[in-house]
Amino acid sequence: MSVRNVGIVYRKELIDSLRDRRTVISMIVVPLLVMPLLTIGMGALSLTLVSLAMKEVPSVMILGGEDSPRVMADLQRLNDVRIVPAKPDYAEEISNKEIRAAVEIPKGFDAKLAGGESSTVKIFMYEGELKSGFGADRLQRFFREMRDRTVREHLQARQLPETVARPFDIEEKNVAPPEKVGGVLLGGIIPYFVILLCLTGAMYPAMDLTAGEKERGTMETILCSPVSRTHLVLGKFLMVLTASIATAVLTIASMAVSFGAGKKMLLAFTYGAADAALQITITGKAIVSIFIVVLPLAVFFSAALLALSLFAKSFKEAQSYISPLMIVVVLPAVAALLPGVELTPALALLPVLNTSLVSKEIISGTYHWDLIALIFLSSSAYASVALAIAVKLFQREDVLFRT
Amino acid sequence: MIEARHLVKRFRDKKRGAVCAVNDVSFSCRPGEIYGLLGANGAGKTTMLRMLATILEPSEGTAIVAGFDVAKEPQKVRSCVGFLSTATALYGRLSAQEMVEYFGRLQGLDEPTLRRRIDEIFARLEMNDFRDRRCDKLSTGMKQKVSIARTLVHDPSVMIFDEPTVGLDVMAARTIAAFIRECRDSGKTVVFSTHVMREVEKLCDHIGIIHDGKLLAEGTLPQLRERFGVQDLEDLFVKVVES
């Protein structure tokens with residue numbers, strides 16, 4: 001094994017790639033931009049949108065209630081909703097966002113309430129629409145308070161204690177520290193981006209160094225030099241791995257800085273009313289641990305991408321092979337975001353998903369060292385197989401000279 | 001010295017099935033000689049030369065190039081061979097000097113030798129004006145010079161040219177022709193493939209006519225003219241192929 005030749009090929013590929021704008025964009029610019037944009041940009045944007053929605057006084061429509069002046073007067077007195085005149089096409093108006101919600105008061109509501117008779121108040125809203133939800137919440141709060149007040153009045157009239165209607169209370173207590181709550185909320189998204197960018201960082205150089213070389217006619221030039229094909233593929237592989245690791249490292253670094261800066265900004269922005277997601281703290285230990293578990297995955301991606309794109313005749317063909325691979329990687333990475341998916345010894349053997357799950361745990365401060373070791377070993381095994389395939393393919397004339 | 005011994009190359013082709021691109025070809029070429037492989041497109045010239053340059057492995061037979069067996073010691077063969085064809089392109093994002101340096105290093109040259117060789121070659125081919133310019137910014141003629149410098153950097157004793165003038169203008173083609181002659185005059189063994197009759201007449205000491213992967217006739221131009229009773233090379237070629 002001539003380390004010198006592998007080094008010569010690697011050095012050349014590095015110089016060549018760093019002069020290629022597309023490689024620089026995918027390897028350096030994207031990771032440096034994505035994390036700040038995601039954390040600070042998207043965070044600030046969503047908080048702005050939510051606070052704007054909360055500040056809005058929702059327009060609501062009251063349907064019926066002509067025979068119930070008491071409830072109507074109470075509703076009119078609400079100052080955090082705007083009552084608009086009733087129309088028969090209320091559903092359409094909610095859908096068109098002209099009003100946020102509507103409430104239907106049943107016939108004889110006041111009288112039934114006084115007589116202790118049951119009736120149903122219907123609230124109409126557009127499910128999933130934030131502002132409609134706020135409008136409906138406001139109406140629901142009003143009627144819930146009214147119901148509680150009525151119950152209290154009925155009990156007092158019969159000289160009964162309130163505990164008759166409410167014999168006991170239920171209280172939920174969170175035992176997870178705030179950073180773990182944040183880890184659960186955001187811990188899945190961060191590894192997802194690290195893994196995805198690790199793949200995209202390796203993608204362009206892998207195609208450029210194989211199918212690109214075939215297309216440009218430099219493959220034959222390099223094959224007539226005395227460098228062995230194994231050294232050639234190893235030099236190229238190291239370059240692709242460099243791009244993948246550089247992307248991962250820059251993503252992790254940019255993520256840590258963005259969270260630090262973004263947290264302060266968002267806390268200031270929300271006047272300290274930050275939710276659990278903002279309590280997330282990414283420690284140095286977490287960064288190093290994520291890097292260690294992502295490393296064999298980067299090797300696996302680099303070798304697999306190299307083998308796959310070597311098979312292609314042209315850059316375009318390589319793209320068509322690699323695009324489906326994106327889905328193959330994204331699916332397990334996204335699966336880790338699903339609620340209830342937890343790291344088990346069996347899942348620790350599944351490539352991508354294992355790394356995604358363990359990174360999620362690391363971010364929330366949980367370290368299962370036995371599973372981390374298992375993931376590192378299984379990912380290393382997959383990486384070795386992919387690299388062996390890439391080396392083998394480089395020896396095959398029908399692949400190198402595929403026309 | 002090149003000695004091809006019963007070289008055979010078979011491929012599997014999706015449409016055509018098993019294809020024998022080179023079928024039992026033997027010939028030899030001595031130092032200080034230009035051997036021209038003359039054949040139509042698809043005759044098997046490129047496959048033949050790729051086997052000599054160890055880019056492809058022979059299915060049967062072998063060749064001894066500069067004293068090394070192509071099947072057993074391909075890396076040693078490549079250390080003694082300079083291979084140039086229109087398919088051997090340059091790395092566009094490297095400068096002319098970086099391109100030649102890269103191949104010099106892969107040939108195992110130490111840094112002082114590499115520096116000296118590059119200075120010599122760049123001066124001889126008048127490349128100093130564009131030595132730091134990126135290859136993708138060079139004219140066709142300049143690119144040809146960089147390719148020549150790349151093949152010469154390790155001072156190979158055997159030169160293999162696969163249709164090196166295809167697609168070149170007159171001036172660039174003349175540079176290549178002059179370079180091929182220079183290689184012969186400096187005692188190198190030169191094999192050269194073409195389908196251009198005039199190039200063969202002007203350059204080659206020995207000619208091999210290849211068709212459908214088989215070497216149909218070989219000899220010096222006067223010998224071939226006498227054997228087939230035809231003076232014009234094109235007529236001679238057609239007669240050999242049709243016979």
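Two strands pair if DSSP finds at least two bridges between them. Helices (H or I, at least four residues) and strands (E, at least two) are DSSP runs, numbered from the N terminus. The model is predicted: local features need pLDDT of at least 70, side-chain atom pairs count only at pLDDT 80 or more, and totals for chains, interfaces and linings use all residues. Residues are numbered from 1 along each chain as its sequence is written, with chains lettered from A and ligands numbered from 1 in the order in which they are written.

**View 1. Strand S3 of chain B and its parallel partners.** S3(B) covers residues 33–38. Four bridges tie S3(B) to strand S9 (residues 206–211), running parallel. Here Gly36(B) has Ile207(B) as its bridge partner. Six bridges link S3(B) to strand S8 (residues 189–194), also parallel. Leu38(B) sits opposite Thr194(B) of S8(B).

**View 2. Burial of S3(B).** Five of the six residues of S3(B) are buried, so the strand is largely enclosed by the rest of the structure. Buried means 20 or more other C-beta atoms within 10 Å of the residue's own, with C-beta atoms placed from the backbone. Across the 243 residues of chain B, 46% are buried.

**View 3. The contact of chain A with chain B.** Chain A gives 18 residues and chain B gives 20. A contact needs C-beta atoms, placed from the backbone, within 7 Å. On the chain A side, helix H1 (3–18) and helix H10 (218–223) each supply at least two residues.

Methods. Two residues are in contact if their C-beta atoms, placed from the backbone, lie within 7 Å. A residue is buried if 20 or more other C-beta atoms lie within 10 Å of its own, exposed if 12 or fewer, and partly exposed in between; C-beta atoms are placed from the backbone.
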